[in-house]
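Try each task before you read its solution.

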Amino acid sequence: MRVKILGSAAGGGFPQWNCACPNCRALRAGAFKGKARTQTQVAISADGKEWFLLGASPDLRAQIEATPELQPRPESPEVVRHSPIAGVVLTNADIDHTLGLLLLRELQPLRVYATESVRRILTEDNSMFKMLQRVPNQAIWDDFETGGVLALINPCREDTGLRCRSLSLGRHYPAYVSPQRQSELNSREASLGLIIESQSGKRLAYMPAVPQIDDVLLKQLDASDILLFDGTFWNDDELIRVQGSGQTAEQMGHVPVSSPEGSLSKLAQLRRPRKIYIHINNTNPMLNEAGPEYAKVRESGWEIAEDGWELDL
Ligand SMILES: [Zn+2]
């Protein structure tokens, strides 16, 4: 299985359009030892020809243009419309995670895997998503159950050999979902982590939003070969420190990297997976490669994802 990291920042990207935090300011001034990043986006493929997106980021157009594997490769010169993107697996209904679907609306056949709750939010409550349903078999929505095994099938109904399992992680739906609708939904379907298994049995764990780390999750993570884990915030009160108000990491559904209950400490016992932080907020001090937080993460055996990385497993 090939894994491309097209984007590695949390919502807003790095730098973020309305942010003048020390990181964003230094990056814009050309005085930052570290990389700019687009909003988190991962693509996977069994054969390097057909790709599935994990979520669909608002930066998807630029991310496709930066990634030759995802650009059109029609079989004959007469065909002008083509995409190697076979489908999308959604893990929640957040704008940062679903807006890119609207960028894929050019009548291109696409399979969209989502829980029933997430599909209903997008297709029943948000009329713009009808642009994906203008002709029969444009976007084929497939509901999946959390915990079950999902076979990733391309729009021509061919099995790619990739298998996907989802874990229920967060129970909060985005703020734009009405209270009435929220009362009808299954809270276990609000935010998921994914375990993708290749035909050879190698496992990728994709966990960009993890509210807490328990023993069940630890067991799943230790059975993976590559772990892409929630690196959103360094501290629980990071946003409040930087902007003077706001929510804690915990309130936003992210376990911080640092602190005794943080991922650096809790996941230190994992032996098997290659450990990589992804979904890093622009305020996170570990983005600064000259700083002590970056050094600590690297000395602990973790990597920090960058846009354009490719992983093979
Ligand atoms: Zn910032």
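**Exercise 1.** What volume does the second largest pocket have? Then say what lines it.

*Solution.* Start with the source: this is a predicted model, where local features need pLDDT of at least 70, side-chain atom pairs count only at 80 or more, and totals for chains, interfaces and linings use all residues. Residues are numbered from 1 along each chain as its sequence is written, and side-chain values use heavy atoms, leaving out hydrogens and water.

- Step 1: the volume is about 500 Å³, meaning the space filled by probe spheres set on grid points joined across faces, edges and corners.
- Step 2: a pocket is an open set of points on a 1 Å grid over the protein atoms alone where a 1.4 Å probe fits, with protein on both sides within 12 Å along at least five of seven lines; lining residues have an atom within 4 Å of a point.
- Step 3: 18 residues line this one, and Ile64, Ser83, Leu103, Leu104 and Glu106 lie nearest its centre.
- Step 4: helix α2 (residues 60-65; a DSSP run of H or I, at least four residues) gives the largest share of the lining, 4 residues.

**Exercise 2.** Which residues are closest to the centre of the largest pocket?

*Solution.* 

- Step 1: this pocket holds about 1,100 Å³ of space.
- Step 2: among its 44 lining residues, Asp94, Asp96, Met252, His254 and His279 come closest to the centre.
- Step 3: α3 and α7 (238-243) are the elements giving two or more residues to that lining.
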